Amino acid sequence: MTIRIILPIILLAIVLLQTSCGTQGSESRASLNRLANASSPYLKEHADNPVDWYEWGTEPLEKAKKEGKPLLVSVGYASCHWCHVMEKESFMDTAVARFMNENFVSIKVDREERPDVDQIYINAAQLISGNAGWPLNAFALPDGKPFYAATYFPKDQWLKILKQIVKAYKEDNENVLKQAEALTKGIQDYDLIVPVVESQGEINKEDYQNIFTNWQSQLDYESGGLSGAPKFPMPVVWEYLLQNHYLTGNKESLNAVTTTLDAMADGGIYDHLGGGFARYSTDTNWRVPHFEKMLYDNGQLVSLYAHAYQQTKKDKYAIVIHETLEFIKREMTSPEGGFYSSINADSEEEEGKFYVWTKAEIDSHLDEKTAAVFMDYYNITDSGNWEGQKNILYRNSSNEKKSRKHLVTTDELEKILKHAKQILWKERSKRIHPTLDDKILTSWNALMLSGYVDAYFATGQNQYLEIALKNAYFIEKKMVRKEGQLFRNYKNDKSSVDAFLDDYAILAKAYIRLYEATFDIHWLEKSNLIAEYALLHFRDKQSGFFYYTSDESESLIARKMELTDNVIPSSNSIMADVLYRLGIYYDKDSYLEMSEAMVIQVTGELAKNGPYYANWASLIGLMAYQPYEVAIMGEDAIQTAKQMQSAYLPTAVFMGGTMENLPL
């Protein structure tokens, strides 16, 4: 089970303002530092810093050991607002950089490219304060063992903390070493798995039905999402609730889903002009987004809206699917068919500037009648509904109410709004765009690949399957290596990082989904090959779970396991799902037994931490109710499968074709 250890921490004598992109007088120099050669766009953004940055690797650790200096490990990502703020305030300042260069060996990490490193120092921050986020700044011994970690610091506080760290490291080194050892032990135990000695019996329908009851109180039935703020989309939660409604007929499950999906589609978290979703909302009503757009969110949300559309046939959901995929195609797809990682929250050094409007701007671009309808519909005011008289577009009333108010039919209202949106989108396109993080990540691409396949089934549009296939062939060519081994990243025709468990698990599941759409056995065989590699190099035989890193990866101070579902489902829960499905396709009892053993060991967590074990809960539903195995043979097999899968069938497994060699 997951164990949280709160350690006694040597607190530094400073009161800190901690702001971050949460989980939940400068001078420049002409020469570039070594990050100019990095593969990560986020690291390249720091190439003009006067800080003598290193990438993570043996070189900076050896330098720190040789010079007797602590490590400063700074972790962030390209679309993180506060990461950019700290870079501008502190890392571009020559005085700050000089102190860092003289007293530390400084390492910059892209958390998306090296999540294995990020996990360690995020755990350190969580153990110290209970909070974590990015930018993450950790201080460590030359061997990588951290002794302090926190998030964003304004420049004056950053200098103070740097000086106190140096003083403690030099004058109180014995206690620093003790703290590093204690903190490292806590990190190593953070996701400790205790094998279940005796079986808890078969997974049954009663267990599944109790899951919803145990964590229903955490759902916000008024505004959607989980209770409180900020609100993250958390697609995995609503996927479980859709399945729960399908299997049990529970209307409250479906109500929670539609309330959430309606609120997100109406809110400011959704880009009403360009399509696609921002990473999260800072308020309880989904109106004020943290403006960065992440591939992993949009891939999962396309799947979620596709499944909800299959259940409800709400036109609103079909529109969201289409507009989001148009955005992905237009702004986040490479010529080769790969998908880019993210779009920054900031442009012109201001968060959200690209997306927001003043009333005067809208008046200048639209005629009087159109402007009046548009501004009322999207809540635009003179004083603004956000900061500095700026407005975020969001809806909070039905088309029927607005059409009556403006004395037009609903069809006329929709035509007026469509015309206004086309004009304003063209005007917005003339603005300076937020920067694009154009690295390509295997796991995130696989989420988007699955999104396209799910959209194909829900809407019947063949173009979505064509794009999915192009991406699948791209991944196979560029990211899949011999014997099923994977790369994690790709940019400029080069990969530099070995893949992690989420890459293996999510890609293996995406290939299964693609097989169900095409009945091309090639994709199922690829999925099995990838899963076999993960079994050989990631699985811990004692616990039955999978490490996040391969046994062939570089050695870090802790080898972590990812169990809890979050904005992306945990790699272990997806791996358990993959093994279960492949066990059915290939009639492999060993796969089924491994999957069921993993699920049994987390059942105790479902009552306590329900929404954060939602993907496990969905797998319990599949096991408890048992999947329908559907084999379709003959010349019309693919078309028949497409027609059948246009319905929401979360517990069906499809296979077939004109020729087949699967056991069923």
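**Sheet, cores and a pocket in a predicted model**

Leu71, Val73 and Val75 point one way from strand E3, while Leu72, Ser74 and Gly76 point the other way, and all of these residues are buried, where buried means under 20% relative accessible area, exposed means over 50% and partly exposed lies in between, computed with a 1.4 Å probe on protein chains only. Helices (H or I, at least four residues) and strands (E, at least two) are DSSP runs, numbered from the N terminus. Because six of the six residues of E3 are buried, this strand is largely enclosed by the rest of the structure.

The structure is a predicted model, in which local features need pLDDT of at least 70 and side-chain atom pairs count only at pLDDT 80 or more, whereas totals for chains, interfaces and linings use all residues. Residues are numbered from 1 along each chain as its sequence is written, and side-chain values use heavy atoms, with hydrogens and water left out. The pLDDT is the predictor's confidence in each residue, from 0 to 100; its mean for the protein is 92, and 94% of the residues reach 70 or more. Over residues 1–17, however, the pLDDT is below 50, and this stretch has 48 contacts in the model beyond near neighbours in sequence, a contact being heavy atoms within 4.5 Å. The pLDDT is also below 50 over residues 25–29, a stretch with 13 contacts beyond near neighbours in sequence.

Strand E3 belongs to an open sheet of five strands in the order E2-E4-E3-E6-E7, with mixed pairing; two strands pair if DSSP finds at least two bridges between them. Strand E2 (54–55) and strand E7 stand at the edges, each with a single partner strand, so one side of each is left without a neighbour in the sheet. Strands of a sheet pair through backbone hydrogen bonds, either parallel or antiparallel. Strand E3 (residues 71–76) is joined to strand E4 (residues 105–110) by six bridges, and these two strands run parallel; here Val75 stands opposite Val109. Five bridges join E3 to E6, and this pair runs antiparallel. Across it, Val75 stands opposite Leu136, Leu72 stands opposite Phe139, and the bridge partner of Ser74 is Asn137.

Strand E6 (residues 136–140) is mostly covered, with five of its five residues buried. Four bridges join E6 to strand E7 (residues 146–150) in an antiparallel arrangement, within which Phe139 stands opposite Tyr148. The two strands E6 and E7 form a hairpin with five residues between them, and Gly144 in the turn has a positive phi of about 95 degrees.

A nonpolar core is a set of buried Ala, Val, Leu, Ile, Met, Phe, Trp, Tyr and Cys residues joined through side-chain atoms within 4.5 Å. The largest such core holds 213 residues, of which Trp158, Trp238, Leu241, Tyr305 and Trp616 touch the most other members. Helix H19 (residues 501–518) gives the most to this core, with twelve residues. A second, separate core of 18 residues includes Trp357, Ile362, Ala371 and Leu393. When its neighbours within four places in sequence are left aside, Trp238 is in contact with residues including Leu219, Pro233, Val257, Thr260 and Leu304. Thr260 is found in helix H10 and, at 0% relative accessibility, counts as buried. With its neighbours within four places left aside, Thr260 is in contact with Gly224, Gly225, Trp238 and Trp286. Thr260 and Met234 are 26 residues apart in sequence and 10 Å apart in space, C-alpha to C-alpha.

Helices H10 (251–266), H12 (315–331) and H16 (410–429) each supply at least two residues of the lining, and H16 gives the most, with eight residues.
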